[in-house]
Structures are given as C-alpha cells and as structure tokens.
Amino acid sequence: LKKGRAKTCDVSVFARMRAAYIAICERQMAKLQHEIAVEKATHDDDDLRDLEAAAAALAAKIAARKLTDEVEETGALPAEAPFYAEHGIELFADPDEAAALFLATDERSLRGLLAAHLDRARPGDYVALCAFLEMNAENEAAMAELRNAVSKVTGVATTLGFGPRFLHSTGQAHKGGPATGLFLQFTDRPSADLPVPNRRLTFGQVIAAQARGDFEVLTIRGRR
C-alpha cells in the first residue's frame, strides 16, 4: 500500500511469494522443534510436552498448505507409489518402515503386512485408526468393527478418528505425545468431488493434502 491506494500483483508473483513464506515457516518450525527437543533432553515437563504437541500440529498444517499450493499450481498432488498393492488396496509407508514390515513377515500379502505392523504393539502402546473418509453410517460402522477387531488382536487401547476433524484433537497427541502409537491411515479416491469456490482445487484434494501432511509429520516424528 502506498498513499492509501491498493496495488495489484501478477498471480504468478503472488504464488512465488506464498511459496517463499511457506518455506520460511518450515525452517522456523524445524528450528523450534529442535529447540524443544534440546530442552526436553535436559528437563521434561508438561509445558514442554504441550508446546511440542502444538508445534507438531502446526507443522502438519504447514505441510498440508504446501501440498494444496502445489495442487493449485500443477493440478495434482505429488505422485507417490505404494510399497504393496492387493485387490485394489494400496499400502504406503516410509521406506524404512516398509522394509521393516517385509522383514517381519514370511507372508508377503496384505494380511501378512498388516499383521506384522500390529504385532509391534506392546503393553502401554495404542493403535490409532485415522480415517480420511466420508463420515457416513456405512463407514462409521465398518471402522468401528475394525477397531474392535484390532483391539482384540493387539490387546492394547485403540482410537478412531475421522479426518480432517480429528487433527484438532487426538491428532495433536499422535504427533506431540509419547511415541507409543501404531498408526493406520485410511484414504480413498472419492467418486464425486466438488470444486472449492474461487480456488483451483477440489474439496477431495484438500482432504488428501491434509492426510498427506499428517502422514509426513508422523514420519518425521518417528511414529510407526
């Protein structure tokens, strides 16, 4: 602004400015999380744990925003490849996690890999089912049934949340709380999608970006 008059800028210039701002946020967040880790190494307390959880939640938001910006620029999320696929179901994981699962099972199948993942649950752990799916009666019933089955198999506590809304509650504990969780994230490709008004992306792409951002931060935080 100059002399009370608004100035305009080219859309591409604005996009570059926003990308630069997101990059600054990423660097500042990494610095903050490092400082929190250093402080926790010397004296851990509830205030630091709360700050750690809040920082992790904000990091996930930054990651999601970076992805939605990329969707608006390119028309799609960055490509990713599953480490295993069977019957139309694709499994994704950090490369180290995927390798560990393959080593832990003799049965290279969907059932074998999921069993290997759940077998890592120990007393005091919990299993979190993170469903970035439409929250309808059918999906709620299916996820509740799966939660009960997981609880019986593992013998540990379970949580179930539909995304992205759970990111504002239990999602913060997933990333900022103790590293005792085993995570299963569920996503799908919606058959029908709607565009976000005045944006070059759809609601389905926004939810997919939030799921991807949450996954990225869980991986960075060393979650299983």
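Tutor: What follows starts with the basis of the model, goes through the core, and then turns to helix contacts and loops.

This is a predicted model, in which local features need pLDDT of at least 70 and side-chain atom pairs count only at pLDDT 80 or more, while totals for chains, interfaces and linings use all residues. Residues are numbered from 1 along each chain as its sequence is written, and side-chain values use heavy atoms, with hydrogens and water left out.

The protein chain has 7 helices and 5 strands. Helices (H or I, at least four residues) and strands (E, at least two) are DSSP runs, numbered from the N terminus. Read from the N terminus on, the order of elements is α-α-β-β-α-α-β-α-β-α-β-α. Taken along the principal axes, the C-alpha atoms of the protein chain fill a box of roughly 70 × 50 × 35 Å. Of the 224 residues in the protein chain, 33% are buried. Buried means under 20% relative accessible area, exposed over 50%, and partly exposed in between, with a 1.4 Å probe and protein chains only.

Now the core itself. A nonpolar core is a set of buried Ala, Val, Leu, Ile, Met, Phe, Trp, Tyr and Cys residues joined through side-chain atoms within 4.5 Å. The largest one here has 12 residues: Leu 118, Ala 121, Val 127, Leu 129, Ala 131, Leu 133, Met 143, Val 150, Val 156, Phe 162, Leu 182 and Leu 184. Two or more of these residues come from each of strand S3 (126-132), helix H5 (137-154) and strand S5 (181-187). S3 gives the largest share, 3 residues.

Leaving out residues up to four places away in sequence, Leu 129 touches Met 143, Leu 146, Arg 147, Thr 159, Leu 160, Gly 161, Leu 184 and Phe 186. Contact means heavy atoms within 4.5 Å. Over the protein chain, 68% of the contacts between residues at least 6 apart in sequence join residues at least 24 apart.

Ala 141 lies in helix H5 and, at 46% relative accessibility, counts as partly exposed. The C-alpha atoms of Ala 141 and Pro 178 are separated by 29 Å, and the two residues are 37 apart along the chain.

Next, the helix contacts. Two packed helices are described by the angle between their axes and the distance between the axes. Axes are lines fitted to C-alpha atoms, for helices over the stretch in contact, and angles run from 0 to 180 degrees between N-to-C directions. Helix H3 (residues 95-104) packs on helix H4 (residues 110-118) at about 105°, with the axes 9 Å apart. H3 is therefore roughly perpendicular to H4. Angles under 35 degrees count as roughly parallel, over 145 as roughly antiparallel, 65 to 115 as roughly perpendicular and the rest as oblique. Leu 101, Phe 102 and Ala 104 of H3 meet Leu 113, Ala 116 and His 117 of H4. By class this contact has 5 nonpolar, 1 polar and no charged residues. Ala, Val, Leu, Ile, Met, Phe, Trp, Tyr, Cys and Pro count as nonpolar, Asp, Glu, Lys and Arg as charged, and the others, Gly among them, as polar.

The axes of helix H2 (residues 46-74) and helix H7 (203-220) come within 8 Å and cross at roughly 135°, so H2 is oblique to H7. Residues making the contact include Ala 56, Ala 60 and Leu 67 of H2 and Val 206, Ala 209 and Val 217 of H7. The residues of this contact divide into 10 nonpolar, 4 polar and 3 charged.

Last, the backbone. Most residues other than glycine have a negative phi, and most peptide bonds are trans. A cis peptide bond joins Gly 163 and Pro 164, with omega about 5°. Pro 164 lies in the loop between strand S4 (157-162) and helix H6 (170-176). His 87, not a glycine, has a positive phi of about 55°; His 87 sits in the loop between strand S1 (84-86) and strand S2 (89-91) and is exposed at 74% relative accessibility. Asn 198, also not a glycine, has a positive phi of about 65°. Asn 198 is in the loop between S5 and H7 and is exposed, with a relative accessible area of 83%.
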